[in-house]
Amino acid sequence: MGKISASLMCSNPYTLQKDIQTLEKAKIDYLHLDIMDGHFVPNLGFSIDFIHSLRKTTSTPFDFHLMVENPLKIIPRLSLQKGDIISIHFEASYYLEDIIALLKTYECELFIALNPQTPICILDFIHPHINGINFLTINPGFSGQKLLPQTIEKFSYLKNYLCKNNLKHILIEVDGNMSFQNAKKFKEMGADIFVAGTSSIFPNKKLSKKEIQNFQTLLKG
Ligand code: DX5
Ligand code: ZN
């Protein structure tokens, strides 16, 4: 049964509050929050102040996607809670051991985010410390991009890697151009959590109740 993580960077800022209420009513599993510092990716994401005020308005768990150069500085400011997910990019983690040690002091789920060109073998020394993987099907930083075709084969390689190493407990989130067609394919290949953005529930950056229901039917069915 797939879980849905609604990507708020795909929402229209002028309707964000109403969108969050709609998502909560629809019992969406997570709110996907892309935190971007303009260095790791050439874009800016939600601020710490926004995160704190958002926390006061909803009980939906947060799914943080950190696209920042120095996660160690940001993590303590996020007021992480039990039930949250936090994805840290392998490519931005010079001090991965320190980041893992810091995150172990919180009760959230620790995911490692992998860019399309990052090989699966980097998991060899990391998998004992993680709960999941954020599998990027696009180069991170912007919504509305097209899935990179080579990530389909990479995904099946990842699934084989997890099976071969008896790591089926590690969850996989897929992030980037999760259209109905792509989500169906990745659900069949064994993905667990789907980032819902402009190619599913936010067509033209306008949240659609109908598309939320359709996406839930596709993934929960
Ligand atoms: C992009 C973000 C994604 C983005 C997905 O860097 O990490 O979460 O919101 O948007 P779509 O679904 O439109 O590709
Ligand atoms: Zn993301």
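Predicted model: local features only at pLDDT ≥ 70, side-chain atom pairs only at ≥ 80, totals over all residues.
I started with Cys163: its relative accessible area comes out at 39%, so I call it partly exposed (buried is under 20%, exposed over 50%, partly exposed in between, with a 1.4 Å probe and protein chains only). Its sulfur sits 18 Å from the closest cysteine sulfur, in Cys121, too far for a bond. Cys108, at 9%, is buried. I searched the whole structure for disulfides and got 0, taking a disulfide as a pair of cysteine sulfur atoms within 2.5 Å.

Residues are numbered from 1 along each chain as written, ligands are numbered from 1 and chains lettered from A in written order, and side-chain values use heavy atoms, without hydrogens or water.

Next, the sheet. I see 8 strands closing into a barrel in the order 1-2-3-4-5-6-7-8, with parallel pairing. Strands are DSSP runs of E, at least two residues, numbered from the N terminus, and two of them pair if DSSP finds at least two bridges between them. Strand 1 (residues 3-7) pairs with strand 8 (residues 193-196) over 4 bridges, and Ile4 stands opposite Phe194.

Last, ligand 1. I find 19 residues around it, with Ser7, Gly141, Asp175, Asn177 and Thr198 the closest; a residue is near if one of its heavy atoms lies within 4 Å. A polar side-chain atom of Ser7 is 2.7 Å from a ligand 1 oxygen. For Thr198, a side-chain N or O atom is 2.4 Å from an oxygen of ligand 1.

How values were computed. Polar contact = N/O pair within 3.5 Å; in protein donor to acceptor, adjacent residues only side chain to side chain.
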